[in-house]
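Subject: Structure for you to look through

Dear colleague,

Here is the structure I promised to pass on, with my notes on what was found in it below. Please keep it open beside you while you read.

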Amino acid sequence: NRFEPASGKFVHYRHDPRNPRSLDHDRVYTIYEDHAGTLWVGSALGINRLNPKSGTFDHFWRGPDPPTQLAPLYYFLEDRTGRFWFGGGGLLDRNTGVATIVGNPGGLSIHEDRHGGLWFASLGSLEKMDAGGRLRKVPLSPSSGAGGPEPVQVNFFHEDAAGILWLATETGLVRLDPKTEKYNRYTAEQGLPDNVVQCILPDQAGNLWVSTNSGLSRFNPRDN
């Protein structure tokens, strides 16, 4: 839906099976505006590019073939070199429409840090891409049992003014130093209402507002 403040009206974009230029699916997970002002829509089915004049959409598949099952697309990112990422490791050539799978295309979030490093969060791991384009897993396991480290789901990234990465995970709030890759975890034992953290936003006083499955918390990173 597009809201027009001047008129107070909404324009609705829906999937129409009779119209191949309509939105490919009504379940929308993310909207992203790239550097050129183009609006991209990630749905349960694929990638949509909106033509604002006609109100129609161009469709891009997340691989060589149209999808056979629903797979939510949660994230887009245009990095500083102009590459256009989707999911947790898919790369779309916006000129040719060709999608290349580099990592886990079902990932939840992507972050480009201040040094140009790319971080990819999937359902069970955190990966960082090096200058050569290779992905390397960054361990974040809360514990390691007989079967090895437990997988950690990262839902969201926030980078603070000092360059520290704060991660919203399914097992708490994580403070990660990208230089050393050392991390601290904050859970319900330290005062969170729930260990499942969905999003992190800062305020002007330096606090972090942390949304969980059981409520909203304000975290002071200076005194923990």
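A nonpolar core, as the term is used here, is a set of buried Ala, Val, Leu, Ile, Met, Phe, Trp, Tyr and Cys residues joined through side-chain atoms within 4.5 Å. Buried means under 20% relative accessible area, exposed means over 50%, and partly exposed lies in between, with a 1.4 Å probe and protein chains only. Please bear in mind that this is a predicted model, in which local features need pLDDT of at least 70 and side-chain atom pairs count only at pLDDT 80 or more, while totals for chains, interfaces and linings use all residues. Residues are numbered from 1 along each chain as its sequence is written, and side-chain values use heavy atoms, with hydrogens and water left out.

The core

The largest nonpolar core has 16 residues, and those with the most contacts inside it are Trp40, Ile47, Phe76, Trp85, Phe86 and Leu92. Two or more residues each are given to this core by strand S7 (76-78), strand S8 (84-86) and S12, and the largest share, three residues, comes from S8. Helices (H or I, at least four residues) and strands (E, at least two) are DSSP runs, numbered from the N terminus. Trp85 is in contact (heavy atoms within 4.5 Å) with residues that include Tyr75, Phe76, Val102, Ile110, Leu118, Phe120 and Met129, leaving aside residues up to four places away in sequence.

The hairpins

Two strands are said to pair if DSSP finds at least two bridges between them. S3 and S4 pair in the antiparallel sense over five bridges, with Glu33 standing opposite Leu39 in S4. They form a hairpin with five residues between them, and Gly37 in the turn has a positive phi of about 85 degrees. Strand S22 (residues 208-212) and strand S23 (residues 215-219) also run antiparallel and are joined by five bridges, with Ser217 in S23 as the bridge partner of Val210, and the hairpin between these strands passes through two residues.

Leu216, which is found in strand S23, counts as exposed because its relative accessible area is 59%.

Two buried serines

Ser22 has its place in the loop between strand S2 (9-11) and S3, and counts as buried because its relative accessible area is 7%. Not counting residues up to four places away in sequence, Ser22 touches Arg14, His15, Asp16, Asn48, Phe57 and His59. Ser125 lies in the loop between strand S12 (118-121) and strand S13 (126-129), and is buried as well, with a relative accessible area of 15%. Leaving aside neighbours within four places in sequence, Ser125 is in contact with Phe120, Lys137 and Val152.

The largest pocket

A pocket is an open set of points on a 1 Å grid over the protein atoms alone where a 1.4 Å probe fits, with protein on both sides within 12 Å along at least five of seven lines, and lining residues have an atom within 4 Å of a point. About 260 Å³ of space lies in the largest pocket, and its lining includes Asn1, Arg2, Arg14, Asp26, Leu39 and Phe57. Strand S3 (28-33) and strand S4 (39-43) each give two or more residues to this lining.

With best wishes

Conventions:
Points joined across faces, edges and corners; volume = space filled by probe spheres on them.
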